[in-house]
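Keep the model open while you read. We will go from the sheet to the metal site, then to the cores and the rings.

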Amino acid sequence: MDNIHVACALDCGMTIPAMILAYSAKKFANSHRKTIFHVLECEKGAFPSYGDYLLNSEFFEIRHHLVSLNAFEDYDLSIAIVPSLAAFARLAIPDIISEAERVLYLDCDVIINRPIDALFDVDMKGFALAACRDLMYAYFMHHGEGPPQDAGKILCQDPDSYFNSGVMLIDCQKWRDAGYFASLIKVLSAPPAPLFMPDQDALNIVFKNEHLKLDSKWNVRASRYDLSKDEELEKLIIFCADDPWIIHFMGKAKPWIRFHQPTEFHRLYWALAEESPFLSRLISLYETGPSENTAYALKKRAISSDRHIWEFLFTLSRATEKLEHVFRLQQNLSIRLGTLGKKFYEKYLNTAEITRS
Ligand SMILES: [Mn+2]
């Protein structure tokens, strides 16, 4: 049987969550079929080798790829909730992991909750990409809520086709043959509207009618909202949450960030961590990350008083490291806003104070 190829991409801010993800992949791995877990390190040492020593076995192998994202630094990323350029590494997977025919890409904020053979072997029906509908997004777009985004309006004339890019099955050969990387770069360089979630929006523009929809249980959002306006969607979301195959701690629901609102899956995450070799590291990540009080103090001192930026910042992996990191990140973010993003941001979120540093 062919090897199973899984990949995640990270910088040093996501080391521990990536290791817990890798542990979940190993826990549910098929012992008769080798799983190769590719770590796309966008910063040297993002996945330290102690992870390999603790996880590698006869049927499970961590494989490292050092990825340079310089190519993305020059793009005008509009207002992005892109916490780290590592988000873009997924676009280049078929070029980075040239040895694999198929790769299952996973965000670092997910955990696997059942064997993934069935997902990995899915009939992709000739498509280069398979992904799950973004149910939350569909709800927002149907009911006129959620982030105000031009891109959303353009993309979501059919909200049900919009997919989440946190779990993606990729046919590498097809992706390369069709030149999808170039198409994605083209969209990012000259987006039809400011992109709010640039990697995911660009993917949705390029693959709008050219992807396979996966069973929604393969990418279940951990946090829940009041969905009472849409009974059908609510039913589907409850059905998926009842038996999630992959759990995605999207947005403000990271179990390693102390003051994030806990979800019904936080206990499962910590129980998984407890059986892994990484519990003590997760605890120290949790303890050294910002508490509600420090977050509040920082927020008051911040250049930008905008709530959204801060919500995003603390959602980010890096906010769980030293607090100075948060400031550095905020500086990076304002550099990356660019003119287009600045306009977008001012228009919609009413912040005139974001400056280029
Ligand atoms: Mn995610």
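Two strands count as paired if DSSP finds at least two bridges between them. The model is predicted. By that rule, strand β1 (residues 4–10) and strand β4 (residues 102–106) are partners: 2 bridges join them, in the parallel sense. Look at Ala7 to find one of the contacts; its bridge partner in β4 is Tyr105.

Move along the order from β4 to β7. These two strands run antiparallel and are joined by 5 bridges. Arg102 has its bridge partner in β7, at Asp171. On the next step, strand β6 (residues 129–133) pairs with β7, again in the antiparallel sense, over 4 bridges. Here Ala130 stands opposite Leu169 of β7. How much of strand β7 (residues 163–171) is buried? The count is 9 of its 9 residues.

In a regular strand, side chains alternate between the two faces of the sheet. Keep that in mind when you turn to the side chains.

Next comes the metal. Which residues coordinate the manganese ion? The donors come from Asp107 (OD), Asp109 (OD), Asp109 (OD) and His248 (NE2), at 2.2 to 2.4 Å. Along the chain, the donors follow the spacing D-x1-D-x138-H. The pair Asp109 and His248 links distant parts of the chain, 139 residues apart. Asp109 lies in the loop between β4 and β5 (110–112), and His248 in strand β10 (residues 246–248). Both Asp109 and His248 are buried.

Then look at the nonpolar packing. The largest nonpolar core has 55 residues. Within this core, Ile20, Phe37 and Leu106 touch the most other members. Helix α1 (residues 15–27) gives the largest share, 8 residues. A second core is separate and has 33 residues, including Met168, Tyr180, Val187 and Val206.

What does Leu106 contact, leaving aside its neighbours within four places in sequence? The list is Val6, Ala7, Cys8, Leu21, Ile112, Gly166, Val167 and Ile246.

Finish with the rings. The model has 8 aromatic pairs. One of them joins Trp175 and Tyr180, edge-to-face, with 6.0 Å centre to centre and 70° between the planes. Ring pairs link Trp175 and Tyr180 with Phe207 into a cluster. Tyr180 is also among the members of the second core.

The charged end of Arg114 is over the ring of Trp245, 4.4 Å from its centre. Arg281 lies over the face of Tyr50, at 4.0 Å from the ring centre.

Definitions and conventions: Residues are numbered from 1 along each chain as its sequence is written. This is a predicted model: local features need pLDDT of at least 70, side-chain atom pairs count only at pLDDT 80 or more; totals for chains, interfaces and linings use all residues. Side-chain values use heavy atoms; hydrogens and water are left out. Rings of Phe, Tyr and Trp (its six-membered ring) pair if their centres lie within 6.5 Å; planes under 30 degrees apart count as stacked, over 60 as edge-to-face and the rest as tilted. A charge sits over a ring if NZ of Lys or CZ of Arg is within 6 Å of the ring centre and within 35 degrees of the ring normal. Donors are N, O and S atoms within 2.8 Å of the metal (3.2 Å for Na, K and Ca); water is not among the atoms, so sites may look incomplete. Buried means under 20% relative accessible area, exposed over 50%, partly exposed in between (1.4 Å probe, protein chains only). A nonpolar core is a set of buried Ala, Val, Leu, Ile, Met, Phe, Trp, Tyr and Cys residues joined through side-chain atoms within 4.5 Å. Contact means heavy atoms within 4.5 Å.
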